[in-house]
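Thank you all for coming. I would like to take a few minutes to walk through one structure with you, so please have a look at it before I go on.

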Amino acid sequence: MKMFEKILVPLDFSPSSEAALRVARDLARANQGALLLVHVHELLVSPDGELVVPSVPDAEPEFDLRLEAAKLNLVREGGVAVDARCLVGRAAVEIIALAKEESFDLIVMGTHGRTGLKHLLLGSVAEAVVRKASCPVLTLRERRPEARAPACSTTSSRG
């Protein structure tokens, strides 16, 4: 039984996003499915609370090129159908709407693992998607070297 034939993969090209892409590729291959890679150019909020479509900063064309390169790499690797799309808007809102409108079976996305004040101020796209998506969401966070526990630790007291 094919469970995940249509997989949505939001990309911001962070390490966790790249890890999510690898997992999504493997799931698509195993299920003879297709991937849609999506990058959302974020809207800005003006001081008066209005949403503003920003002029595309210098970094944004780079994301478009990286999205197309990711698509081409997957096409070259073979074994999975892939398409790519750039959207403009609030990332979580756009991802949730796209998943529902196009009846995706799964969303696979990275999470930055922010906590505390950073999480409060910046929010979490992944968290909003998990809470509101119409399909299952698999999130992946790239492990940070400082977060890894030592393989073995010993303590000794001689008295």
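Among the elements of this predicted protein model, the lowest mean pLDDT, 49, belongs to helix 4 (residues 116–122), while strand 1 has the highest, 97; pLDDT is the predictor's confidence in each residue, from 0 to 100, and helices (H or I, at least four residues) and strands (E, at least two) are DSSP runs, numbered from the N terminus. Residues 55–59 have a pLDDT below 50, and beyond near neighbours in sequence this stretch has one contact in the model, where contact means heavy atoms within 4.5 Å. Over residues 148–159 the pLDDT is likewise below 50, again with one contact beyond near neighbours in sequence. For the protein, the mean pLDDT is 80, and 69% of the residues reach 70 or more.

A word on conventions. Residues are numbered from 1 along each chain as its sequence is written, and side-chain values use heavy atoms, with hydrogens and water left out. Because this is a predicted model, local features need pLDDT of at least 70 and side-chain atom pairs count only at pLDDT 80 or more, whereas totals for chains, interfaces and linings use all residues.

Let me turn to helix 3. Which residues of helix 3 are buried? In this helix, which spans residues 91–101, they are A91, A92, I95, I96, L98 and A99, buried meaning under 20% relative accessible area, exposed over 50%, and partly exposed in between (1.4 Å probe, protein chains only). They lie on the same side of helix 3 because they cover an arc of only 165° around the axis, the arc being that of the directions from the helix axis to the C-beta atoms. V93, K100 and E101, on the other side of helix 3, are exposed. The buried residues of helix 3 pack against strand 1 (6–10), strand 2 (34–42), strand 5 (81–89), strand 6 (106–110) and helix 5 (125–132).

That brings me to helix 5. Its buried residues are A126, A128 and V129, and their arc of only 165° around the axis puts them on the same side of helix 5. What covers them includes helix 3, strand 6 and strand 7 (137–140). Where helix 3 and helix 5 meet, A91, A92, I95 and I96 in helix 3 are in contact with V125, A128, V129 and K132 in helix 5.
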